[in-house]
Amino acid sequence: MKKLIFGLGLLLSGVIGFVGWCIAVVQTVGPGGTVFACFFGSEWIVLAVFAIMAIVGLRISIMEVKRD
């Protein structure tokens, strides 16, 4: 049960961090650009960290649900 809660917390943190970072980056540019054109070198690294965090959390949660 502890791993399930940990996995769900990790999933939630990853998703919120990913979406929050995307919104923050998009808000710094003017109108007329696409969303992915706003991201430069270091932003992709941060997004990858949040995406990996969410995927790991999802995997831990699914494994724990199957085990119980």
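What share of the contacts with a separation of 6 or more in the protein chain comes from residues 24 or more positions apart? I looked it up first. The share is 77%. I noted that the model is predicted.

**Overall make-up**

I went through the secondary structure of the protein chain. I found two helices and zero strands. The chain has 68 residues, and 24% of them are buried.

**Helix lengths**

I checked H1 next. H1 has 25 residues. Its first and last C-alpha atoms are 36 Å apart, close to the 36 Å expected at 1.5 Å a residue.

Then I turned to H2, which runs over residues 41-67. H2 has 27 residues, so at 1.5 Å a residue it should span 39 Å. I found its end C-alpha atoms 40 Å apart, which agrees.

**Buried residues**

Which residues of H1 are buried? I listed Leu4, Gly7, Leu10, Gly14, Gly17, Cys22 and Val25. These buried residues pack against H2.

An α-helix has 3.6 residues a turn, so residues three or four places apart point the same way.

I picked glycine 57, which sits in helix H2. Is glycine 57 buried or exposed? Its relative accessibility is 0%, so I count glycine 57 as buried, the cut-off being under 20%.

What does glycine 57 touch, leaving aside its neighbours within four places in sequence? I found contacts with Gly7, Leu10 and Leu11. Two of these names, Gly7 and Leu10, are on my list of buried residues of H1.

I also checked a distance. Glycine 57 and leucine 8 are 49 residues apart along the chain. Their C-alpha atoms are separated by 6.0 Å.

Valine 19 is in helix H1.

Methods:
Residues numbered from 1 in each chain as written. Predicted model: local features only at pLDDT ≥ 70, side-chain atom pairs only at ≥ 80, totals over all residues. Heavy atoms only, no water. Helix = DSSP H or I, 4+ residues; strand = E, 2+ residues; numbered from the N terminus. Expected span 1.5 Å × (residues − 1). Buried < 20%, exposed > 50% of the residue type's maximum accessible area, 1.4 Å probe, protein only. Contact = heavy atoms within 4.5 Å.
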